[in-house]
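This report describes the overall build of a protein and then turns to a single position in it. Please keep the structure in view while reading.

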Amino acid sequence: MLRVGFTGWRGMVGSVLLERMREENDFAGIEPMFFSTSNVGGAAPQEARDGGALKDAKNLRELASCEVLLSCHGGDYTTEIYGALRKNGWKGFWMDAASTLRMSDDAVIVLDPVNADVIRDGLARGVRTFTGGNCTVSLMLMAVGGLFRARLVEWMTTMTYQAASGAGAAKMMELVRQMECLTDPTRATPSQNALEVERMMIEAQRALSLPTKEFGAPLAGSLLPWIDRDMPGGQTREEWKGMAEASKIMGLEPPVPIDGICVRVGTMRCHSQGLCIKLSKNVPLADVEQILSNSNPWVRLIPNERESSIRCLTPTAVSGTLNVAIGRLHKLKLGPEFLGAFTVGDQLLWGAAEPLRRMLGILREHVGN
Ligand code: NAP
């Protein structure tokens, strides 16, 4: 049985990965080992076969005893551990959710409903490093990858609305605490005057006592138009990933220009994106819809009308499901080759855990387990 070491399984991505693996009975086919950076010796999840104590996620010898290592930690962990393991001669399969290795020539970014051919070629070439893509990029490709595959996209802008949980467990918890602080005054001094309530809320948002250690600013009742660090030319790194990762995932040569503004909003889970796609020719809307709905089994085409949009094309409707909803599809007034669309997907599922879970299954088949 394939020995698989899990690290970072306690975080947002790791917890969802474990949940999905339990649902699909994936643990039955592997020998799991659980590691921790913060609770070595503590109780491991019930699936641990070796007595249930957590192993040290910094112990290179114990890590190297695994044929597959699957890390759901952040990039700092990958930076510290991956190079050292390879330097010591570890030849196992490394999988992670971080951005550190994504653009490396030695790594394939996995999203098998979109790039199964790239993954297969990688395995045949002997690639042993597989990373999940950026969540907004993976969700965008799950939604409109069919148009890229049909070579119909000349360029695209993507304006994102990204959930707090996309930044990790601690940040999502801070958003909830901020929400409590915002509503506390309205409970203490109830008022039916909307302007008065709005003033209480703004005051609470601007109060020094509002917890902002994680986000650095109020997010509840507001938004933050900056994600990740800055890059040359005015982009943020989150925005830079759009074109770089999408081109690598789909093997697009030459790369298709993709750019936009990435924004953190006060939703709990699910990333949404408003897309403007410049088509390479005037394709009828019905043909676009057919290409999209045939591109993978998880795409859900939502009719471009009010009721369906407010019921089915929202984070509330999509959270916790594998559906990738795309709607508001229409030709923009800019011209017949300009397509507008809005898409919503669960960034913890198709944006992070699900491609890794499925890659583990592909690896099991590949090594004949
Ligand atoms: P996270 O929730 O912050 O968890 C990462 C690790 O932080 C945990 O495994 C845990 O490690 C530690 N941790 C610290 N405080 C915690 C708390 N209060 N609750 C749970 N764990 C806590 O990070 P993440 O969002 O899962 O992201 C992991 C990686 O995936 C990052 O590289 C991220 O960029 C990438 N990613 C995230 C998403 C997303 O939607 N969140 C999507 C795509 C990719 P120990 O148990 O060892 O202490």
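## Burial and surface

Of the 369 residues in the protein, 51% are buried (buried means under 20% relative accessible area, exposed over 50%, and partly exposed in between, with a 1.4 Å probe and protein chains only). The protein exposes about 16800 Å², and 53% of this area comes from carbon and sulfur atoms; accessible areas follow the Shrake-Rupley method with a 1.4 Å probe, and for residues only the protein chains shown count as cover.

## Basis of the model

The model is predicted: local features need pLDDT of at least 70, side-chain atom pairs count only at pLDDT 80 or more, and totals for chains, interfaces and linings use all residues. Residues are numbered from 1 along each chain as its sequence is written, and side-chain values use heavy atoms, with hydrogens and water left out.

## Overall fold

The protein contains 12 helices and 15 strands; these are DSSP runs numbered from the N terminus, helices being H or I with at least four residues and strands E with at least two. Its C-alpha atoms fill a box of roughly 65 × 55 × 40 Å along the principal axes.

Contact means heavy atoms within 4.5 Å. Among contacts between residues at least 6 apart in sequence, 69% join residues at least 24 apart.

## The position Gly251

Where is Gly251 found? Gly251 lies in the loop between helix H8 (237-250) and strand S10 (258-259). Gly251 counts as partly exposed because its relative accessibility is 46%. Gly251 and Asn115 are 136 residues apart in sequence, and their C-alpha atoms are 8.3 Å apart in space.
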